[in-house]
Amino acid sequence: MAELTMIQAVNLAMREALAEDDAVILLGQDVGVDGGIFRATQGLIEDFGAARVLDTPLAEAGIIGMAVGMALNGMKPVAEMQFSGFSYQAFHQIENHVARFRWRTNGRFSVPMVIRMPYGAGVRALEHHSESREAYWAHTPGLKLVIPSGPIKARALLAAAIRDPDPVIFYEPKALYRAFKEDVPDVAEPIKIGKADVVRVGKDLTLIAYGAMLPRAVDAATKLAGDGIEAEVIDLMTISPLDEETIIQSVKKTGRAVVVHEASRSFGVGAELCARINDKAFFHLEAPVKRVTGYDIHPPFFAREQHYLPSVLRIYDEARETLTI
Amino acid sequence: MPRHAVERLGTVTHLSILDETGAVDKALEPDIPETDLLEMHRAMLYGRCFDERMLKLQRQGRIGTFAPIKGQEAAQIGAAAHLRPSDWLVPSFREIAAQIWRGAKPRDIWLFAAGYNEGVAIPEDARDLPLCVPVATQLLHAAGVAYATKYRGEDDIVMTFHGDGATSEGDFHEALNFSGVLDLPVVFVCQNNQWAISLPLAKQTRSKTIAQKAVAYGIPGLRVDGNDILAVWVAAKEAVDRARNEQIPTLLECVTYRMEVHTTADDPTRYRTEDDVAPWRKRDPISRFETYLKAKGLIDDKTLKGMRETFRDALKHDWQETQERIEELDAGDPMGIFDALYAQDYPHITEQKAYFRERLKRERAHG
């Protein structure tokens, strides 16, 4: 058991994967000598060598395209995009190839690989460093999309992602990298990709969140508990494929749902959740499903980023409003 | 003959006029009017003082992350000096000296660095694009801007900046190729500062020079001592004239060095030592230019001291003004975050804006 931050937990998962499987390789900009700009790969080049912790030239499409080739030929690449804001420079590789290789070769070739990228606002960063565009990846068939909400889950989910037979986008909420520590077990407790986690049980409404919004949703639930309201909180963990069963079960029980994400509202993950809930639990609903999200604008430069992000108070207010109906 | 050498494809020259001791090659020395020499010196020194001030502000937590320019003043000013106001500047993210040369105001630069969108309010008459964080992406914009200029039969040119790391990106190669194929009036200024965060140039490319990459695209490539203001000035003049008069793009590699951190979020002690940096301290672009100007009798230590003091006072005043503006912005409602997304408002944005206004009241009341 070690008390680790989420970035240390990410590091641990990669260290374990490198030790466990010779086919695993890390590649990206500054992942080697520098140890990654967020220190996700710190110490790994020293222990596993430059051939397995590969500092690449500065080219996102190059990194992903190379990783595709590596995966086609028996390796398990874990590619890092320095910020999700730069992953669009590899968009064609991800959409055209990463997401499709199994399908377009009728199962002959697959590309088991992980693309890690820090995303999200809240760390006072420059332009293009604060967006949450998970919907791009969730909307792309053939990709899996995983988002951890803390150290223990980050370690277990990244381990699962590296073992997965299909490509996984591992979206890391950078606001949580050093936000808090958890006791991470010596041996990872496996978490299956495709499963959500009920982090708090309640009967009055369901709060659904993930990533950096999960702690805020939990805080809102605590605040609601002060009013005698029992909110159930679900951490999606895997955005795609979605764990519909856990969500529907919860909403059938509570009859009310509030979805929280920092990504902009329109055409986002919240919209998909609303649709699924409508499809499968419509007659159990006591109130319309609410979305508490970022606005349909680019995240403002950092002086105003907290105005953009859903606050605990906003989640609480919206939950209260759902309950008045 | 099954195998024979193809024609000589191109020559990459290296130009140096003012060496690190401040000694000048008389045969190559350009005839630059004294007032222009002094103006360039002033801009370089001001750029240095501005950068130092900005680093302090960042370390004090008053502004956010930025990319210092220390050591790269000659590469920026020597190139930008040839731009007319109607020419275009398409920067990357490490060209503060060039941006100030073009008229960017300290207050706006600092507002941007402090995280306020108000800092990127570029004046209507300025043909300057905002700094560009995604690496190499701006180079294609430069090509497009140049195409439009040429299409309209204007003789304005485009100068765009990038680093050595950018030459690994596809966009760099596409921009050079498009500009070559379409005969576009663009000058690509590469500030080869030897480092892309932690990666030294040798891990970025097997090419001996960056300038030689131009050869593959059939356009001229020039390599200069980027810490030598006279060499940069001469080479950039050649490139700008060629772009303006012949619509031929040029890749101008300025060999320089990133004396500071990549950005203020970076820790270079993880990947380079003082031994790497030390030789470059002696090659400082400003001190060698000052030696040259002193030998010409254009400046002396007293004027230099006076300039530094003037800059320091001006920067202090500018920061105070910036701070007042920040206080004013913080006291107001940040409704501007909803502006300028589209040319017109749409109902969903208007609705969200109204909701946000109510939220502001509620959040503020709640403290």
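This is a predicted model: local features need pLDDT of at least 70, side-chain atom pairs count only at pLDDT 80 or more; totals for chains, interfaces and linings use all residues.
On the side of domain 1 of chain A that touches domain 2 of chain A, at least two residues each are supplied by α6 (134-138), β6 (144-146) and α7 (151-163) of chain A. Sorted by class, that side of domain 1 of chain A has 16 nonpolar, 5 polar and 7 charged residues.

The domain assignment of chain A places domain 1 at residues 2-184 and domain 2 at residues 197-324, and the C-alpha centres of these two domains of chain A lie 26 Å apart. Their contact takes 28 residues from domain 1 of chain A and 27 residues from domain 2 of chain A. The area buried between domain 1 of chain A and domain 2 of chain A is about 2000 Å², with carbon and sulfur atoms giving 58% of it. Within domain 1 of chain A, the residues that lose the most area to domain 2 of chain A are R124(A), I147(A) and K153(A), which together account for 22% of what that side buries.

## The strand residue R200(A)

Where in chain A does R200(A) have its place? R200(A) is found in strand β9 of chain A, which covers residues 197-200. Because its relative accessibility is 28%, R200(A) counts as partly exposed, a class that lies between under 20% for buried and over 50% for exposed.

Leaving aside residues up to four places away in sequence, R200(A) touches A221(A), T222(A), A225(A), A231(A), E232(A) and V233(A). R200(A) and I234(A) are 34 residues apart in sequence, while the distance between them in space is 7.2 Å, taken from C-alpha to C-alpha.

## Where chain A meets chain B

The contact between the chains takes 40 residues from chain A and 44 residues from chain B, and the area buried between chain A and chain B is about 3800 Å², of which 57% comes from carbon and sulfur atoms. In chain A, the residues that lose the most area to chain B are L58(A), F301(A) and R304(A), together 19% of what that side buries.

Across the interface of chain A and chain B there are 5 salt bridges, and one of the salt bridges in the model joins the side chains of K203(B) and D55(A), at 3.7 Å from N to O. The interface of chain A and chain B also holds 14 residue pairs in polar contact, both residues being at pLDDT 80 or more. Helix α12 of chain A (residues 312-324) gives the largest share of the side of chain A that touches chain B, namely 5 residues. By class, this side of chain A has 15 nonpolar, 11 polar and 14 charged residues.

## Salt bridges within each chain

Side chains of opposite charge can pair when their charged atoms come close. Over all chains the count comes to 49 salt bridges. In chain A, the side chains of E244(A) and K280(A) meet in a salt bridge at 2.4 Å, N to O. This pair links distant parts of the chain, since E244(A) lies in helix α9 (residues 244-254) of chain A and K280(A) lies in helix α10 (residues 269-281) of chain A, 36 residues apart. K280(A), at 46% relative accessibility, counts as partly exposed. A network of salt bridges links E244(A), E272(A), R276(A) and K280(A).

In chain B, R283(B) forms a salt bridge with E20(B), and the closest N and O atoms are 3.4 Å apart. R283(B) lies in the loop between α10 (274-281) and α11 (285-295) of chain B, and E20(B) lies in the loop between β1 (13-15) and α1 (34-59) of chain B, so the pair ties together parts that are 263 residues apart in sequence. R283(B) is partly exposed, with a relative accessible area of 26%, and E20(B) is also partly exposed, with a relative accessible area of 34%.

Technical notes: Residues are numbered from 1 along each chain as its sequence is written. Chains are lettered from A and ligands numbered from 1 in the order in which they are written. Side-chain values use heavy atoms; hydrogens and water are left out. Contact means heavy atoms within 4.5 Å. Buried area is the accessible area (1.4 Å probe) that two parts lose on being put together, summed over both. A salt bridge is a side-chain nitrogen of Lys or Arg within 4 Å of a carboxyl oxygen of Asp or Glu. A polar contact is a pair of N or O atoms within 3.5 Å; within protein, one must be able to donate a hydrogen and the other to accept it, and residues adjacent in sequence count only if both atoms are side-chain atoms. Helices (H or I, at least four residues) and strands (E, at least two) are DSSP runs, numbered from the N terminus. Ala, Val, Leu, Ile, Met, Phe, Trp, Tyr, Cys and Pro count as nonpolar, Asp, Glu, Lys and Arg as charged, and the others, Gly among them, as polar. Domain bounds come from an automatic or database domain assignment. Buried means under 20% relative accessible area, exposed over 50%, partly exposed in between (1.4 Å probe, protein chains only).
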